[in-house]
Amino acid sequence: MPDIILQYEAEIWQSIGETFVMVGVSILAAILIGLPVGTFLFLCRKGQLLENRYVFSVLNLLVNVIRSFPFLLLVVFLIPFTRLLIGTAIGTAAATVPLSIIAIAHYSRLVEQSLLDVPKGVLEAAVSMGASIREIIFKFLYIEARSGLVLGLTTSIISFISYSTIMGVVGGGGIGDFAIRYGYQQFQTELMMYMIIIMVILVQLIQFTGTTVSRVIDKR
């Protein structure tokens, strides 16, 4: 192991832990909130089971506005809300707030797109069998779209990792922040390159895992 890595071993592990916390909370927000929001967007579209133009327009606008916000500006814009929510705008916990919000918007749109790929015949068959909305969602839509949902989540997780590198502006820490503070700002290019390699390896592992799972569960 290179000497520079040994020298900063404790700080590196801490930064990796901070990244895992930020990304982990974002994934939970994406699944627990983004998935239902994306599903609701799909169901409220014109011609769908819960067609509601007003609800769809409001949700669609919110998702679009959040996704179009430059992330750094979103972080700064949400500082008062973050402070109100958790009592501070600084630190890893505070960083999870804007990350979770962008995670919800990001994944909900991918969920909607995945559900739009489900053949109309599947929904028609479910309705003809007298399935409830809940049964249609969990026993038909999610089953048919499971491969796309996994790929969408994989893409989202990689984006969350990228977003987490910006969280140094609010003291969020993480691998990206460590690379900038200890590598770039202290002119230790070698250390910065090692951090980049760690990020690349992490992203490749996530992409490989997501693609493999998606392929295994795709029964089409």
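How many nonpolar, polar and charged residues does the lining of the second largest pocket have, by class? That lining has 7 nonpolar, 2 polar and 2 charged residues. The structure is a predicted model.

**Second largest pocket**
- The second largest pocket holds about 180 Å³ of space.
- Its lining includes Phe-42, Gly-47, Gln-48 and Leu-49, and also Lys-120, Leu-123, Glu-124 and Val-127.
- Two or more lining residues come from each of α6 (92–116) and α7 (120–128).
- Helix α7 gives the largest share of the lining, 4 residues.

- In soluble globular proteins, nonpolar side chains tend to be buried together.
- The largest nonpolar core here has 40 residues, and Ile-12, Tyr-107, Leu-141, Leu-191 and Met-195 have the most contacts inside it.
- At least two residues of this core come from each of α1 (3–7), α2, α6, α7, α8 (133–164), α9 and α10 (189–217).
- The largest share, 11 residues, is supplied by α8.
- A second, separate core has 10 residues, among them Phe-71, Leu-74, Ala-95 and Ile-102.

**Helices α2 and α9**
- Helix α2 (residues 9–43) packs against helix α9 (residues 175–184) at an angle of about 140°, and their axes are 7 Å apart.
- From α2, the contact uses Glu-11, Ile-12, Ser-15, Ile-16 and Thr-19; from α9, it uses Ile-175, Phe-178 and Tyr-182.
- By class, this contact has 5 nonpolar, 2 polar and 1 charged residues.
- Apart from neighbours within four places in sequence, Ile-12 touches Ile-5, Phe-178, Leu-191, Met-195 and Ile-198.

Notes:
Residues numbered from 1 in each chain as written. Predicted model: local features only at pLDDT ≥ 70, side-chain atom pairs only at ≥ 80, totals over all residues. Heavy atoms only, no water. Axes fitted to C-alpha atoms, helices over the stretch in contact; angles between N-to-C directions. Contact = heavy atoms within 4.5 Å. Nonpolar A, V, L, I, M, F, W, Y, C, P; charged D, E, K, R; others polar. 1 Å grid on protein atoms, 1.4 Å probe; cavity = no way out; pocket = protein on both sides within 12 Å on 5 of 7 lines; lining within 4 Å. Points joined across faces, edges and corners; volume = space filled by probe spheres on them. Core = buried A, V, L, I, M, F, W, Y, C linked by side-chain atoms within 4.5 Å. Buried < 20%, exposed > 50% of the residue type's maximum accessible area, 1.4 Å probe, protein only.
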